[in-house]
Number of protein chains: 2
Amino acid sequence: VNYSIGLDVGGTKISAALVQKDKILEKIKMPTESEKGRPYVLKKITEAVDSLLKNVDKAEVVGIGVGFPGLVDVKTGTILKAPNVPGWNNFSIQKFLESKFKLKTYLANDVRAMALGEKNYGAGKNYKNVICLTVGTGLGGAVIINNELYCGKGNAGEIGHIIIVDDGELCGCGNKGCLEAYVSSRGINRESKKVFGKVLPPLDIEDMARKGNAKAIRVYATLGRYLGVGIATLTSVLDPEVVIVGGGIAHAGKYLLGPAVEELKKRSINRPPKVVQAEFGKDAGVIGAAHLPIMGGLK
Amino acid sequence: VNYSIGLDVGGTKISAALVQKDKILEKIKMPTESEKGRPYVLKKITEAVDSLLKNVDKAEVVGIGVGFPGLVDVKTGTILKAPNVPGWNNFSIQKFLESKFKLKTYLANDVRAMALGEKNYGAGKNYKNVICLTVGTGLGGAVIINNELYCGKGNAGEIGHIIIVDDGELCGCGNKGCLEAYVSSRGINRESKKVFGKVLPPLDIEDMARKGNAKAIRVYATLGRYLGVGIATLTSVLDPEVVIVGGGIAHAGKYLLGPAVEELKKRSINRPPKVVQAEFGKDAGVIGAAHLPIMGGLK
């Protein structure tokens, strides 16, 4: 049993891949198009998995792993609450895929899937205590303790909602001053407006930063500084060896992480952890999802 | 082997006790008087332990456990850095007590000792994931994960230094906006000055609150609200089952914890944990320290 299928479902894109450990042998990408309805999306997912299975002996496939953005029940493989993928609440994707493909299927929250990939094969592989962050539309997190994903009462790792400014900016969750209110699309849009007078796409700002544009560099530096405050708090509580940062906005690399590390050094009472980019970039989610059947899913 | 000796060393007081599980059979309290020099303090500790051992068969004593405020090396039983007990840095209290009493001796940071007591016998005994806080001169913390004390790179649980107001009040650590800058002696003194025009002793303010004094209630409510913000952050990251609060300022009970829970409910994205007072109050440290030889010390 050599291969597994990973599915990384996002609010806008889906990746499906045939994976061998951390090697992607074949990958299919498609838009999520959740506005066309769940049956349509499921049909497209089914076609993708079918196509991936075509070139491999099915007896060699250990199973299917799915990363999904939102609150999930890992025991039944059910999506409980997925604000960014409308129409999937209370749907068991595990049941659906198992009956379609007769392959053991496991579900996990997308950031946790990413964390499993990075921990087992990527930037976290040499460390016991690891924190993963994804900075994109929101700020997601996952906590690895003593080499295992830690869930607490079920929902540990909601790092976007640690409070860094008691009476600060409004967050998508309805509260004020959460890290996500500063380090996310919402945060970069706010800074973009302040600095450029309008909202520019993050990737454009990143390009400008790479070309030396001082304003663009300043936008990422502001987000990075707040990220450093958040990582300082995590370091005080968990004293991890490494913090791995992925997601679209972290694509800016040193423009975000440089100022974050600088602030972390100033603000942390404990020895700062390493702060690194996710090794697998956009593929971390699908590689981590594919690891789920290998480990027999999450508990 | 039925008994153990617990020593809880504080900046102002030392407790020594003969303990059987969570029962204190005999306790000796004394002022620390570190200004009289370490040899003097050690002599008094030795006398206290001698006195405790008088009424018991020494073969029935499993060992000695010491809780000490500061950074310690648990392998060698050495105090590395103890800002509140001057003159003890780099001293191995384990070596000293073992050669005096021929009893296995173990050392731990005082808040971690308290956490062990509460987790094994007290308010945390029915839970897997527990956070302990002590609110006094400073704000200390300890994190129990999957029934074990969690240390990360060594110094996890520095909960006093999570940042709750990015550009907030100055903390004793030199940084700004740490939880400890708001919820500690420093914090209560600041509020006392604001509300009463002068610094009153916390226990006096507590008495006044119990008698219904609105200003005193307000002082504790302000601290409690900040504490709630801190616990909300901890809940987002660790989603624990229970948060146990001890220490002198937490003696105010509902006047501190009521407003904390109210704020926590507003600010937490996860289901709030229980927030309870330390069950053993001032004895939590000595009971936890006495548990160290039973568990063979910390790793």
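## Briefing on a predicted two-chain model

A search of the whole structure finds eight aromatic pairs over all chains; rings of Phe, Tyr and Trp (its six-membered ring) count as a pair if their centres lie within 6.5 Å. This is a predicted model, in which local features need pLDDT of at least 70, side-chain atom pairs count only at pLDDT 80 or more, and totals for chains, interfaces and linings use all residues. Residues are numbered from 1 along each chain as its sequence is written, chains are lettered from A and ligands numbered from 1 in the order in which they are written, and side-chain values use heavy atoms, with hydrogens and water left out.

**An aromatic pair**

- B:F68 and B:W88 form a tilted pair, 5.4 Å centre to centre with 45 degrees between the planes; planes under 30 degrees apart count as stacked, over 60 as edge-to-face and the rest as tilted.
- B:F68 belongs to strand β4 (residues 61-68) of chain B and B:W88 to the loop between β6 and β7 of chain B, so the pair ties together parts that are 20 residues apart in sequence.

**Sheets**

- Helices (H or I, at least four residues) and strands (E, at least two) are DSSP runs numbered from the N terminus, and two strands pair if DSSP finds at least two bridges between them.
- In chain B, an open sheet of three strands runs in the order β5-β6-β7 with antiparallel pairing.
- The edges of that sheet are β5 (71-73) and β7 (91-92) of chain B, each with a single partner strand, so one side of each is left without a neighbour in the sheet.
- Strand β6 (residues 78-81) of chain B pairs with β7(B) in the antiparallel sense over two bridges, and B:T78 has B:S92 as its bridge partner in β7(B).
- Chain A holds an open sheet of five strands, ordered β11-β10-β9-β12-β13, with mixed pairing; its edge strands are β11 (148-150) and β13 (274-277) of chain A.
- Strand β12 (residues 242-246) of chain A and β13(A) pair in the parallel sense over four bridges, with A:I244 opposite A:V276 in β13(A).

**Helix packing**

- The axes of α3 (residues 110-121) and α8 (residues 284-295) of chain B come within 7 Å and cross at roughly 80 degrees; axes are lines fitted to C-alpha atoms, for helices over the stretch in contact, and angles run from 0 to 180 degrees between N-to-C directions.
- α3(B) and α8(B) are therefore roughly perpendicular to each other, a term for angles of 65 to 115 degrees.

Notes
Angles under 35 degrees count as roughly parallel, over 145 as roughly antiparallel, 65 to 115 as roughly perpendicular and the rest as oblique.
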